[in-house]
Amino acid sequence: MAKETAEHAQRRTVINREFGSLVGKTVKRVRPMTLNECDLFAWDYEADYAFLVEFTDGTVIVPSQDPEGNGAGHLFIESVV
């Protein structure tokens with residue numbers, strides 16, 4: 001295994017800090033966002049396929065185009081080999 005670079009270690013730290021709380025959660029459902037939910041993000045309900053992933057504890061993931069929330073986003077779901 002290759003030695004971890006300082007840049008990779010920094011990325012790992014940031015990702016663990018931002019998203020580590022998702023580990024162990026259970027997905028309850030995946031659903032389209034409501035008109036009111038889209039309005040909260042100032043997203044176009046008619047144009048975007050905005051959706052969220054809801055966990056059993058009430059936490060949600062809202063995929064976004066970018067960190068600024070400039071529109072609904074996409075998740076790539078892949079099998080890791």
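Is E54 buried or exposed, and what is its relative accessible area? E54 turns out to be buried, at 12%. The close-ups below all come from a predicted model.

**View 1. Three strands form an open sheet.** The strand order is β1-β2-β3, and the pairing is antiparallel. β1 (27–32) and β3 (60–61) sit at the edges, each pairing on one side only. Zoom in on β1 and β2 (residues 51–55) and you'll find five bridges joining them. Here V30 stands opposite V53 of β2.

**View 2. R29 and E54 pair up across the sheet strands β1 and β2.** Their salt bridge has its closest N and O atoms 2.8 Å apart. R29 belongs to β1 and E54 to β2, so the pair ties together parts 25 residues apart in sequence. R29 is partly exposed at 41% relative accessible area, whereas E54 is buried. Salt bridges with shared partners link K28, R29, R31, E37 and E54 into one network. Within it, R31 meets E37 at 2.7 Å, N to O, and R31 counts as buried at 19% relative accessibility.

View 3. E7 is partly exposed at 47%, while R11 counts as exposed at 51%. Across the whole structure, a search turns up eight salt bridges.

**View 4. Six residues make up the largest nonpolar core.** The members are M33, C38, W43, A50, L52 and A72. Beyond its neighbours within four places in sequence, C38 is in contact with M33, W43, Y45 and A50. In soluble globular proteins, nonpolar side chains tend to be buried together.

Technical notes
Residues are numbered from 1 along each chain as its sequence is written. This is a predicted model: local features need pLDDT of at least 70, side-chain atom pairs count only at pLDDT 80 or more; totals for chains, interfaces and linings use all residues. Side-chain values use heavy atoms; hydrogens and water are left out. Two strands pair if DSSP finds at least two bridges between them. Helices (H or I, at least four residues) and strands (E, at least two) are DSSP runs, numbered from the N terminus. A nonpolar core is a set of buried Ala, Val, Leu, Ile, Met, Phe, Trp, Tyr and Cys residues joined through side-chain atoms within 4.5 Å. Buried means under 20% relative accessible area, exposed over 50%, partly exposed in between (1.4 Å probe, protein chains only). Contact means heavy atoms within 4.5 Å. A salt bridge is a side-chain nitrogen of Lys or Arg within 4 Å of a carboxyl oxygen of Asp or Glu.
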